[in-house]
Amino acid sequence: LGGLMSERLKHPKKWLVRLCLWLLSTCIGSLVLCGRYCFSSKFPYMHSFTQLPQKKRDAVLVSWSLSYFYHLRMLYKAMKLLILLVFFTQVNEKNENLSWKAIGYKGPDPEFKTKSMQRKTLRNEGLNDDDDDEGQNDDGHEEEAELYGPLYKGLINMQLPRNIVADSLRQVGFPVSVRNKRNAAPSSIASPSLVIKCDAVVVGSGSGGGLIAGVLAKAGYKVLVLEKGSYCARSNLSLLEGKTMDQMYLAGGMLATDDMGVILLAGSTVGGGSTINWSASIKTPKHVANEWCDEYELKLFESDLYKEAMEVVCERMGVQSEVEEEGFNNAVLRRGCKELGYPVNNIPRNSPPDHYCGWCCLGCKDGSKKGTSETWLVDLVNSGNSAILPGCEAIEVLHKKRRDRNVATGVAFEFQYMGAKDICVVESKVTIVACGALSTPNLLKRSGLKNANIGKNLHLHPVTMAWGYFPKTSSSGEWPEEKKTSYEGGIMTAMSTTVGNFGKSGYGAVIQTPALHPGMFSSLMPWVSGADIKLRMCKFSRTAHIFVLARDQGSGTVNSPYSISYQMEAMDEENLKKGIEKILRILAAAGAEEIGTHHCKGKIINVKKASSEEFERFVKEESSRPLRDLSTPLSSAHQMGSCRMGIDPKTSVVNQMGETWGVEGLYLADTSVFPTALGVNPMVTVQAIAYCTAQSVLDVLRRKKSN
């Protein structure tokens, strides 16, 4: 826990946690933070927090969760999240956690563990022996792809000596200059170790960046992709929650708004969010496209090109809506909705009907989920004229004045080499930034872009949840089946729009299901005592969660890489409350024995024993609780709008072609360009916009080639 807080936690209020922990080690500090709980009838009559009995320590924490002082509520929320996350995700040398057996958790997918052992055996048998390499057939290449991932031929290892890296890039066709041959890392952009020339450089490999890179490479252009995260091939996945969050999530999954009001999850790996998302592949809702076209005058969204783009990306990802067997959470959602007469529909997914896996949030074990690293980036690698550089972070977009225009000329990036930071420069004809809505604004600001809209208008699709406990029974005909658990099965297969408001303002909420493994499950569940959280966790495997996601009108600002401010509007809060009310009814109608929310008071009702009056009172009380005071956890897996598209540089950052207003030849291709919140899962929409942007970039490259 200490290591996580010191090395991985980057929150701007971390100083507050350190200060409070120090104060709690002293009697005076404990008195300030804990009040009357520090007093005793026995000498020395006043004690520090560490000297208090457990019952009093529990009471102190509960008092913080309900405190009048906002900073004490922040402290409680931060410590609860961090401590429980660490406790339930830490593993021993066998990749096991001693609590998992008690809570009914299998750890990594057992089927995946078996396959991992088989892959290790293949490696040990020497698949890559020189004798076998000669005359290797397609089957051999398929085996290599299975072992090392489908992108292995297009990855450049920047940890190799610079001359070897330069030779690897030259073999692909990139002109490379080795400017600095010293072992010491250069100190500035003016003295880079390598200068690489290409047609297009793409910063970020997620849904937007990966698509545009694949389209340009397939058209025959030399494309270089820079990715801050690492590449986790199927064989290198651990499917361990803690390890994966550290490796594949932005800031190790330890990201929140400045006031701790919203926990933020975003991908940071080759493939970006498409590698760790939950498969939902929903086209841009018609009412949203109409709003962007009519109110924001963005004719792109009524064009034939945009319609074509949605069809192309859905076909490339293999999007379909069938499901052979529904997982625990989705089965509960569907059954509850049908019992109540609420609308419920299948969610289109970029995975096959038989994809029954609850670990997709930790990477796809077999490649059946068609994220960017299984589709567009494969096109890039297969082109033979492009490459991906993992572990490389862009530090500045380079641009210069040409006559009266500011023109992008490439990107400077850094990476760790021999214990120090090394800097290289990419010189390109066009530059595409697709770092995501939380990172793109910071790169543009560091690069000297002055547009006042950069970083503003951030939308988060705030989410809150409710839960229902379905105990196992001995009756064979009971539902849901005893074999099913909350963490297995397709993560998202069912959705209800009962509070969607699609036909009116378009600003409502959708009801879906999450993927919660023990770490995130425990950090979201209410904590009222040490004993209580253990009892709740013992019900983990049979506790269904359903969430409500609001299309938010409220917005925020990306101030710096780890400083994000956000203010949810009252209407967004009301939409979430309406969703919670519906979810509690859905859970009860589906047959839950106990139901509750994530509010810090942790109230529970036994549906089987409660009268109808008691049930209605509980639902009304729990669905009317405030959501903007840290008493209920809010989270976000979709961030968008921080560099929005528009027709006027006074109110937007990019035009309809995706090009920035201030710098010619600089394009954005991620969710930051969304004009407003979308209201549904954004993967198809961001890829469709990126596809349209790619056509504009192709036109520019063709013109430059002909000149």
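**Cavities.** I counted nine cavities of 30 Å³ or more. On a 1 Å grid over the protein atoms alone, a cavity is a set of points where a 1.4 Å probe fits but cannot get out, and lining residues have an atom within 4 Å of a point. Grid points are joined across faces, edges and corners, and a volume is the space filled by probe spheres set on the points. The model is predicted: local features need pLDDT of at least 70, side-chain atom pairs count only at pLDDT 80 or more, and totals for chains, interfaces and linings use all residues. Residues are numbered from 1 along each chain as its sequence is written, and side-chain values use heavy atoms, with hydrogens and water left out.

**Largest cavity.** I looked up its volume, which is about 200 Å³. It is lined by 17 residues, and Leu9, His11, Ala78, Ala256 and Met260 lie nearest its centre. H2, H5 and strand S4 (255-256) each give two or more residues to this lining; helices (H or I, at least four residues) and strands (E, at least two) are DSSP runs, numbered from the N terminus. H5 gives the largest share, five residues. By class I found 13 nonpolar, two polar and two charged residues. Ala, Val, Leu, Ile, Met, Phe, Trp, Tyr, Cys and Pro count as nonpolar, Asp, Glu, Lys and Arg as charged, and the others, Gly among them, as polar.

**Second largest cavity.** This one holds about 160 Å³. Of its 17 lining residues, Cys232, Thr275, Cys364, Ser373 and Glu374 are the closest to the centre. The lining divides into eight nonpolar, six polar and three charged residues.

**Second largest pocket.** A pocket is an open set of points with protein on both sides within 12 Å along at least five of seven lines. I noted about 590 Å³ for the second largest pocket. It has 26 lining residues, with Leu61, Ile83, Leu84, Trp527 and Gly530 closest to its centre. Elements that give two or more residues include helix H4 (54-65), helix H5 (70-89) and helix H20 (530-537). The largest share, eight residues, comes from H5. The lining has 19 nonpolar, three polar and four charged residues.

**Gln567.** I placed Gln567 in strand S16 (residues 563-567). Not counting residues up to four places away in sequence, Gln567 touches Gly554, Ser555 and Arg628, where contact means heavy atoms within 4.5 Å. Gln567 and His599 are 32 residues apart in sequence and 19 Å apart in space, C-alpha to C-alpha.
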